[in-house]
Amino acid sequence: MRFVKFAKNNGLGNYFCTMLKKCCEFLKPTIKTNYLLFVAAFVWATAGGLLMVRGLHTAHPHHDSWHWQLPLVLVLGSLFYLGIFVKIASKHINRILGIDKQSICVFAFFNTKSYFMMLVMITLGILLRRSHLVGNESLGLFLVIMAIPLLVSSVRFFITGLKNLNSTK
């Protein structure tokens, strides 16, 4: 306690706060704002790819029923993209394009609400898989359905990133 009073009285508190702030700024991974759409595309493609691989592995697509399940999965994934992910991706794309800073934290492709939503969805997915309430084949098909909008959205991020990169040159 004495050291804190000594530090405040001698200006050391401000010095330590300034140094801590500089250290945090130095450690924060930054990227040029023009490239943030590519980071988002990579993250969304990675998540979609992981869900696709896990879903296909879990659903066992070599079964006889796959010939009617594949079109159903593609239609449902496309509807899920058109119904929900178009809005979500547009919101993130517009937010990223509206950033005025020259460089920004690499994790800024999502806002806080989206990180929370992602955490909830991952947690629910793990709980659903471990609870065995849903059979493996159904769970696998659901994962593939979820992967489709993520992958399509990642392509959209990438194309918008290319257009934005070309327009700023």
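Biologist: In which helix is Leu141 found?

Modeller: Leu141 is found in helix H6, residues 136–168; a helix is a DSSP run of H or I of at least four residues, a strand is a run of E of at least two, and both are numbered from the N terminus. The model is a predicted one, in which local features need pLDDT of at least 70, side-chain atom pairs count only at pLDDT 80 or more, and totals for chains, interfaces and linings use all residues.

Biologist: How confident is the predictor in the protein chain, judged by its mean pLDDT?

Modeller: On the pLDDT scale, which gives the predictor's confidence in each residue from 0 to 100, the protein chain has a mean of 83, and 80% of its residues reach 70 or more.

Biologist: Why is Leu141 called buried?

Modeller: Buried means under 20% relative accessible area, exposed means over 50%, and partly exposed lies in between, with a 1.4 Å probe and protein chains only. Leu141 has a relative accessible area of 14%, so it counts as buried.

Biologist: What makes Gly140 buried?

Modeller: Gly140, also placed in helix H6, has a relative accessible area of 0%, and therefore it is buried. Leaving out residues up to four places away in sequence, Gly140 touches Gly55, Thr58 and Ala59, where contact means heavy atoms within 4.5 Å.

Biologist: Is Asn164 buried or exposed, and what else does it touch?

Modeller: Asn164, which has its place in helix H6, has a relative accessible area of 18%, so it is buried. Apart from its neighbours within four places in sequence, Asn164 is in contact with Asn34, Leu37 and Leu97.

Biologist: What makes His132 exposed, and what is its phi?

Modeller: His132, in the loop between H5 and H6, has a relative accessible area of 65%, so it is exposed. Most residues other than glycine have a negative phi. His132 is not a glycine, yet its phi is positive, at about 60 degrees.

Biologist: How many aromatic pairs does the whole structure hold, and why is the pair of Tyr35 and Phe38 called tilted?

Modeller: A search of the whole structure finds nine aromatic pairs. The ring centres of Tyr35 and Phe38 are 6.4 Å apart and their planes are at 35 degrees, so this pair is tilted. The rule is that rings of Phe, Tyr and Trp (its six-membered ring) pair if their centres lie within 6.5 Å, with planes under 30 degrees apart called stacked, over 60 edge-to-face, and the rest tilted. Tyr35 is partly exposed at 38% relative accessible area, whereas Phe38, at 18%, counts as buried.

Biologist: What makes the pair of Phe109 and Phe110 tilted?

Modeller: Their ring centres are 5.0 Å apart and their planes are at 45 degrees, so the pair of Phe109 and Phe110 is tilted.

How values were computed: Residues are numbered from 1 along each chain as its sequence is written. Side-chain values use heavy atoms; hydrogens and water are left out.
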